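We will go through it together, step by step.

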Amino acid sequence: MTAAGASAAVPSEGRTAVAPEVPTLEVQNVSVRFGAITALSDVSLTVVPGSIHAIIGPNGAGKSTLFNVLSGVYKAAEGQVRFGDVRLDRMVPYKIADVGVARAFQNIALSGTQSVAENLMLGRHHLTKAGFLAAGLRLPRATREGKRHGARVAEIAEFLDLGEKLHTPVGVLSYGDQKRVEVARALCTEPRLLLLDEPVAGMNAEETARMAGAIREIRAALGISIILVEHDMGMVMSLADRVTVLDFGRRIADGTPSEVQNDPDVIRAYLGSGDEETPAESYTAHHSADGGSVVAPASPDDSGATAAHPSSEMPGTTS
Ligand SMILES: Nc1ncnc2c1ncn2[C@@H]1O[C@H](COP(=O)(O)OP(=O)(O)OP(=O)(O)O)[C@@H](O)[C@H]1O
């Protein structure tokens, strides 16, 4: 089955609806500060195994900062992140990948000159056992392993409707295809937790529907947990089992999509103060890709200052 289509083999490697090896993710009282700015303040949430959990909030609410903590890019000044028995907040990014957490980036992080297959193979790197020398000398063990990884890459590409583009350079693919390659690369690491950073940002309606279908199929076929940061509220509300809402670095709501949509604090956060633009206007005017510079969080301080944010799209609306 292709993820966006309807019929063919799913890349489950024997897994069922909720994979038994997927642990609970617990974010416990996490705070992150950048000098005087408190990007996250005492944030807690629980991601149930096999669920799709969305993180939403207006611009500057702290969503990307939280993702960067989960993937080891930022260190929390306070609090813990537990993935089963493992403390993610004490790990460097490549170790986090080793314990089964993979991230698909908002800004596509692929090599445009390399083929889809070559880019996906990079996702298999940490699963390769034969070693560089054995692979270079084409020893039988390395050859067997290479074939096995190649077959898995082809299976995952097929699943994401990229089977016919396996040998196409990524740079010539459409934007929607490139975003699916980014997700496929993350899947090639065989994650137990998939972090999707604005997977439909910049997509048209057809590409958005295709990606939403792919995310549903990934969960159904692999039974892994998925955390989604996304501004497209129509997609979030139709896909997510649970939604955590951030505003000015604080958790202001956590519940089912219908619970958070009707939460007065959430409505207030998205509407902002009366003299701002409408949420839709503000989103268009202020939303920008988060490809900015990464600076190490400064030492904790007590200022508690937060940066102002513009309002964003209102929950419950479809963009
Ligand atoms: N590396 C950094 N250095 C300094 N301040 C930062 C850094 N990263 C984030 N911030 C600040 O932390 C706050 C939260 O930003 P963050 O990017 O996490 O929000 P967001 O919810 O992802 O916003 P958006 O929806 O616009 O992407 C903002 O005030 C932002 O300016």
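**A walk through the model**

Of the 319 residues of the protein, 42% are buried, where buried means that 20 or more other C-beta atoms, placed from the backbone, lie within 10 Å of the residue's own. This is a predicted model: local features need pLDDT of at least 70, side-chain atom pairs count only at pLDDT 80 or more, and totals for chains, interfaces and linings use all residues. Residues are numbered from 1 along each chain as its sequence is written.

Now look for the helices and strands: the protein has eleven helices and ten strands. Both are DSSP runs numbered from the N terminus, with H or I over at least four residues for helices and E over at least two for strands.

Next, find the two parts given by the domain assignment, which is automatic or from a database. Domain 1 covers 25–100 + 191–305, and domain 2 covers 115–190. Where they touch, 13 residues of domain 1 are in contact with eleven residues of domain 2; contact means C-beta atoms, placed from the backbone, within 7 Å. On the domain 1 side, helix 2 (93–98), strand 7 (193–197) and helix 7 (205–222) each give two or more residues. Helix 7 gives the largest share, five residues.

Finally, visit helix 6, residues 175–187. Its 13 residues reach 19 Å from first C-alpha to last, close to the expected 18 Å, a span worked out as 1.5 Å times one less than the number of residues. The buried residues of helix 6 include Val181, Val183 and Leu187, and also the charged-class residues Lys179 and Glu182.

Conventions. Two residues are in contact if their C-beta atoms, placed from the backbone, lie within 7 Å. A residue is buried if 20 or more other C-beta atoms lie within 10 Å of its own, exposed if 12 or fewer, and partly exposed in between; C-beta atoms are placed from the backbone.
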